[in-house]
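The structure is shown first.

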Amino acid sequence: MTAVSEIFGCNVFNETVMQTRLPKNIFKSLKKTMAEGTELEPEVAEVVASAMKDWAIEKGATHFTHWFQPMTGITAEKHDAFISPTADGKIIMEFSGKELIKGEPDASSFPSGGLRATFEARGYTTWDPTAYAFVKDGTLYIPTAFCSYSGEVLDKKTPLLRSMEAINVQAIRILSQLGKSVTRVTTTVGPEQEYFLVDKEMYKKRKDLILTGRTLFGAKPPKGQELEDHYFGNIRTRVSEYMKDLDEELWKLGILAKTKHNEVAPAQHELAPIFGTTNLATDHNQLTMELMKKVAERHGLVCLLHEKPFAGVNGSGKHNNWSISTNTGENLLEPGKSPRENTQFLLFLAAVIKAVDEYADLLRVAVASAGNDHRLGANEAPPAIVSMFLGDELTHILECIERGEIAEETAKCFMETGVTALPRFAKDTTDRNRTSPFAFTGNKFEFRMLGSAASIAGANIVLNTIVAEELEQFANRLEAVADIQAEVMEIIKETVKNHKRIIFNGNNYSEEWVKEATKRGLHNLKTTVEALPTFAYEKSINLFVKHGIFTKAEVESRCEIMLEGYSKTINIEALTMLDMVKREILPVVLSYSKEIFETLKVKQELGFNMSVEKEQAYATKLSNLTESLMSKIDELDKLVLETKNYSDVLDAAKFYREYIFEAMQTLRVVADELETMIPAEKWPFPTYVDLLFYV
Ligand code: ADP
Ligand code: MG
């Protein structure tokens with residue numbers, strides 16, 4: 001086997017490659033662009049393109065693609081060959097600076113919300129030099145941003161880069177007030193990705209998995225996750241072979257795949273990378289999800305990324321570990337060793353506290369999807385109520401500051417103090433709280449509400465922007481006073497006083513918390529449909545416009561796209577359900593019923609004083625359930641037709657949630673009950689036992 005150090009990044013046009021393949025001045029100017037976001041000269045692009053092409057061809061590439069992240073949440077690519085004809089009927093391999101910098105895919109078939117009506121369909125992709133190009137399956141992939149002809153943003157990368165810029169600007173202002181000279185501040189992310197693996201042959205027999213990514217039917221198996229024997233359990237050979245193969249593919253692309261283990265549900269697993277800058281982490285998470293699926297195929301498996309592939313066992317999420325760091329290598333959410341550093345830490349912490357409290361609804365929107373609705377609040381993932389876990393020690397320190405008792409209190413508790421100073425506190429004392437949606441974990445925050453299938457861009461756009469907003473407010477205050485230290489303490493104090501309602505260190509899964517949260521006035525946006533409209537509230541629009549993340553039209557169109565996406569998802573699920581129940585389940589149920597009725601009839605005709613009581617009860621139950629199933633089918637059919645009456649996207653989404661989704665649930669209950677009565681070999685598709693326990 002080749003050494004990991006040799007495999008790692010071998011298909012990436014990274015700095016080492018750039019350094020050996022680019023003239024010194026070109027490398028320098030490209031690095032400047034990467035580090036500081038400065039514009040790239042066309043001559044530089046020309047040289048970079050040529051070097052990239054030569055390198056890619058050596059790696060077996062024949063094509064290049066502008067790789068982008070439209071609002072579908074997945075990535076898009078269109079491949080062009082490097083070939084260019086010559087006069088003598090042959091070809092040469094060409095790739096110009098222009099082709100590197102700009103592409104022109106047709107934008108009309110990507111979701112654009114209301115933007116499509118007002119603007120031209122033409123779209124542009126522009127190279128993002130802050131992310132590395134790479135070779136995959138014979139193609140050179142160039143990470144790009146995607147916008148419309150008139151400049152409207154049509155992707156998830158552009159706003160993400162903008163939000164990183166916003167927080168950079170504001171954090172530098174703060175740090176400069178604190179006497180630090182820092183030239184760049186970036187947010188960092190490490191997303192932990194959960195997934196399921198099922199056997200490919202079983203998968204192929206389930207239309208619901210193929211079309212919707214989740215099972216729409218399935219009786220509860222005799223065994224679920226109650227023995228807790230899967231979490232961190234021994235990894236089965238087939239799965240372990242898959243994981244090895246996956247790691248290798250990820251390493252080749254420079255993705256720092258680090259941790260792998262079995263998760264709580266049977267057939268569920270997790271992969272966590274080492275964190276990186278948010279931009280790169282987002283690209284890498286998209287690639288990770290894509291490769292998880294591709295590599296599975298090679299092993300006769302299918303990787304399910306849906307948030308809730310199976311009812312009754314845990315679904316899949318994605319923990320978004322997030323922090324802020326400087327170009328000097330300092331993590332701004334790392335509690336410091338000296339009181340001075342702790343003041344800085346607490347100031348940034350205060351910004352996050354205030355941000356999460358004031359914009360909890362936006363964080364909720366950022367994780368909203370039809371799939372994630374099955375998890376949030378279902379005692380397997382955080383509730384739909386956003387709150388923050390800080391741990392007892394940190395909370396105590398903040399409370400002391402609020403009361404103005406810093407010196408005394410901290411002296412009692414922590415031994416080490418100064419007059420206006422703060423004590424040192426160790427990061428490991430922050431306890432784990434697995435139920436919190438937004439937990440401080442020592443030197444970073446872990447945002448745990450994200451669904452497994454979604455791009456992490458949305459959540460990080462919101463996080464970066466809301467924290468940038470608070471940092472801006474703080475910076476304005478600090479720049480206006482002479483006594484910086486006193487003002488910092490005042491800001492922290494005020495923040496604790498006004499925003500402590502968002503801090504909750506208890507059990508987020510409990511009923512009491514739901515009541516308590518209501519008392520505190522926190523949002524409880526239970527479903528996607530309830531959450532999404534808040535994205536286009538005036539307050540949200542003002543925030544995004546102010547920081548240059550989205551225009552008003554872009555916010556509104558995104559809101560529309562998300563609502564439409566929700567309705568479309570439920571619509572596909574309902575149609576798939578109807579198809580399966582009418583053409584697969586019902587015929588089997590009817591033919592089996594015939595057997596039962598015939599058995600009963602034969603027995604009755606024979607006479608002999610034999611009791612037919614049990615058979616009669618059994619036949620009656622079967623008949624009742626069948627009848628019930630048929631009426632549920634009629635109801636769902638009727639409701640699906642009614643959706644045509646809703647032209648407004650919000651009304652439609654509400655109808656899908658309140659009626660279609662509910663009708664699907666009740667239909668499923670009857671079908672699942674029937675599954676428990678029909679002979680195993682007659683049931684038309686693999687059951688939960690087949691899917692969950694045979695890999
Ligand atoms: P745990 O969840 O058990 O605390 P780790 O400490 O390994 O596990 O962290 C989980 C994830 O958090 C990993 O992907 C890790 O790279 C990431 N992470 C660690 N430090 C940071 C940071 N400063 N910024 C962003 N992510 C981080
Ligand atoms: Mg975690």
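## Basis

This is a predicted model, in which local features need pLDDT of at least 70, side-chain atom pairs count only at pLDDT 80 or more, and totals for chains, interfaces and linings use all residues. Residues are numbered from 1 along each chain as its sequence is written, while chains are lettered from A and ligands numbered from 1 in the order in which they are written.

## Domains

The protein chain is split into domain 1 (4-154), domain 2 (164-550) and domain 3 (565-693); the bounds come from an automatic or database domain assignment. Between domain 1 and domain 2, the C-alpha centres are 31 Å apart.

Contact between these two domains involves 20 residues of domain 1 and 15 residues of domain 2 (two residues are in contact if their C-beta atoms, placed from the backbone, lie within 7 Å). On the domain 1 side, α1 (4-7), α3 (24-36) and β8 (133-136) each provide at least two residues. Helices (H or I, at least four residues) and strands (E, at least two) are DSSP runs, numbered from the N terminus. The side of domain 1 that touches domain 2 comprises 10 nonpolar, eight polar and two charged residues. Here Ala, Val, Leu, Ile, Met, Phe, Trp, Tyr, Cys and Pro count as nonpolar, Asp, Glu, Lys and Arg as charged, and the others, Gly among them, as polar.

## Shell around ligand 1

Ligand 1 is surrounded by 15 residues, of which T188, G190, F275, N321 and S323 are the closest; a residue is near a molecule if its C-beta atom, placed from the backbone, lies within 6 Å of it. By class, six residues of this shell are nonpolar, seven polar and two charged.

Strands β10 (185-199), β12 (268-273) and β15 (317-326) each contribute at least two residues to the shell around ligand 1. The most come from β10, which gives four.

## Helices α7 and α11

Helix α7 (residues 157-177) packs against helix α11 (residues 278-298) at an angle of about 155°, and their axes are 10 Å apart. Axes are lines fitted to C-alpha atoms, for helices over the stretch in contact, and angles run from 0 to 180 degrees between N-to-C directions. α7 and α11 are therefore roughly antiparallel (an angle over 145 degrees).

In the contact, L160, L161 and M164 of α7 meet T278, N279 and T282 of α11. These residues divide into three nonpolar, three polar and no charged.

## Helices around α17

Helix α16 (residues 457-479) and helix α17 (residues 484-499) pack at about 145°, with axes 9 Å apart. F474, R477 and L478 in α16 meet I484, E487 and I491 in α17, a contact with four nonpolar, no polar and two charged residues.

Helix α14 (residues 392-403) also packs on α17, their axes coming within 8 Å and crossing at roughly 110°. That makes α14 roughly perpendicular to α17 (65 to 115 degrees). The contact is formed by L398, I401 and E402 of α14 with I492, K493, V496 and K497 of α17; four of the residues are nonpolar, none polar and three charged.

Notes
Parallel < 35°, antiparallel > 145°, perpendicular 65-115°, else oblique.
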